[in-house]
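Subject: Structure for you to look at

Hello,

Here is the structure I said I would pass on. Please open it first, then read the notes below it.

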Number of protein chains: 2
Amino acid sequence: METTENKNQRKLEVCYSPDLFPVYYTKKECVVVVIDVFRATSAICTAFEYGIGQVIPVATIEEALAYQAKGYIGAAERHGEIVEGFDIGNSPFSYMNPELVGKKVVLSTTNGTQAIEKAKQAETIIIGSFLNLTAVCEFLAVQNKDVILLCAGWKGRYNLEDSLFAGAVADYFDGSDVFTGIADSSIAAKHMYQAAKGNLNEFLINSSHRRRLQRLNLEKDIDYCLQIDITDKVPVFDGTGLNV
Amino acid sequence: METTENKNQRKLEVCYSPDLFPVYYTKKECVVVVIDVFRATSAICTAFEYGIGQVIPVATIEEALAYQAKGYIGAAERHGEIVEGFDIGNSPFSYMNPELVGKKVVLSTTNGTQAIEKAKQAETIIIGSFLNLTAVCEFLAVQNKDVILLCAGWKGRYNLEDSLFAGAVADYFDGSDVFTGIADSSIAAKHMYQAAKGNLNEFLINSSHRRRLQRLNLEKDIDYCLQIDITDKVPVFDGTGLNV
């Protein structure tokens, strides 16, 4: 059953690094799913599940400070740790706080918010993590657009957990006719997810970011972020902030 | 058995696109393996197996024409086809010609020679393909350097066959202590190769480049390029040309 390339096919592609985004971004009419499993996009999904009002993702600490000065809750992480002068970082647990319900948060992280910055020109940008996997797939299914699964990676490098999530999306659509443009990147991610899906935690045991978080005593965050479908919220970017 | 990151470890990383090379290239003292399975690096390995004297890889058609005018055999491919005005393209079969023994060839291709161009600053650049897999691994084992497996991809995009070859190298070193710096990119490639190694051809059945070559009636080239270890030649770049 051979599929040929055709301009009318909907494509599902995985972009393994924000630095490659310009290669994959060929037209404004597409959906970009930003993925930073450990931990920015998991934290954002959690924030909305727990009732936060809005999340403003910004690339720099300076922008985050400016928003914080205007009364926003300030959240910033670099290299896995909370940046001095900010209330919270990107641990999902920080967002399960009743005091944050309805509040606006500004967030800057090492990789995740940088990826959103790179994708800003796209028509639709949403936030994906294992926590909202099925909700993301259902959202994608009803859009009549090509999809770029944008892995935040680690400082431009490929990473395993974001690629695995991309594979989970490719696996969801495997055998369906929603996406008929077969991309090598999604074939590869799908195979990896299919090998890992019985035990994501075990599969990631040697991943670089997991080891980095372990050194920071963030095992609890890892376990939390690898849960599937604990929320049906799909945060959507409106040009300035993320909302549900 | 946890491995921590450490400056004395030798790293084996996969760079899935030439556009990401600047992210992975952190010091001159490294070995870059340039990989373009369909078909540039398979053709180069074949050329040396059949006794060619030297291959000069160049990025542009203009440079190739200039070398051709100086008496070099001209080889150029774009989008899978021989460029007008050149004797040969990048089909490995073109290089099994007794008339080419000892001759110098200039070669420009869509992806492979562009990848060599990107890697030019590195101390050591070699050419890898399934055809010389074990020879490449044995070469890497005795260098005391970090290794970047540079997939030529397709116009900056991830591709399956180059990633599979990178996975074959990672698989070769799996369980050995040659490379102790575990990179996410090589873990992912290794898993994919381990799933595919019984039947590479079957695994690649839906890969984009395979479909592209099938449309050009190049099935014979595909089968040829997926053979493992038919040569022990390892072409090394000397700053201008490739030699063995």
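The radius of gyration is taken over C-alpha atoms, and the rule for a globule is 2.2 Å times the number of residues to the power 0.38. For 244 residues, that rule puts a compact globule near 18 Å; chain A has 17 Å, which agrees. Please keep in mind that this is a predicted model.

Chain A on its own: ten helices and ten strands make up its list of elements. Its C-alpha atoms fill a box of roughly 55 × 35 × 30 Å along the principal axes.

Next, the two chains together.

How many residues of each chain are in contact? There are 37 from chain B and 37 from chain A. The size of an interface is often given as the accessible area lost when the parts come together. Here the area buried between chain B and chain A is about 3100 Å², and carbon and sulfur atoms give 51% of that. Three residues, B:Arg157, B:Asp184 and B:Arg211, supply 22% of the area that chain B buries against chain A, more than any other three residues.

Two salt bridges are counted between the chains. A:Glu13 forms a salt bridge with B:Arg157, and their closest N and O atoms are 2.8 Å apart. Six residue pairs are in polar contact across the interface. On the side of chain B that touches chain A, two or more residues come from each of α1 (21–24), α6 (160–172), α7 (184–196) and α9 (208–215) of chain B. α7(B) gives the most to that side, with six residues. By class, the side has 13 nonpolar, twelve polar and twelve charged residues.

Some backbone details are also worth a look. In chain A, a cis peptide bond joins A:Phe38 and A:Arg39, with omega about 10 degrees. A:Arg39 sits in the loop between β2 (30–35) and α2 (40–49) of chain A. In chain B, B:Phe38 and B:Arg39 are joined by a cis peptide bond, with omega about 5 degrees.

A:His79, which is not a glycine, has a positive phi near 55 degrees. A:His79 lies in the loop between β4 (73–78) and β5 (81–82) of chain A.

Regards

Notes
Residues numbered from 1 in each chain as written. Chains lettered and ligands numbered in written order. Predicted model: local features only at pLDDT ≥ 70, side-chain atom pairs only at ≥ 80, totals over all residues. Heavy atoms only, no water. Contact = heavy atoms within 4.5 Å. Buried area = accessible area lost by both parts, 1.4 Å probe. Salt bridge = Lys/Arg side-chain N within 4 Å of Asp/Glu carboxyl O. Polar contact = N/O pair within 3.5 Å; in protein donor to acceptor, adjacent residues only side chain to side chain. Helix = DSSP H or I, 4+ residues; strand = E, 2+ residues; numbered from the N terminus. Nonpolar A, V, L, I, M, F, W, Y, C, P; charged D, E, K, R; others polar.
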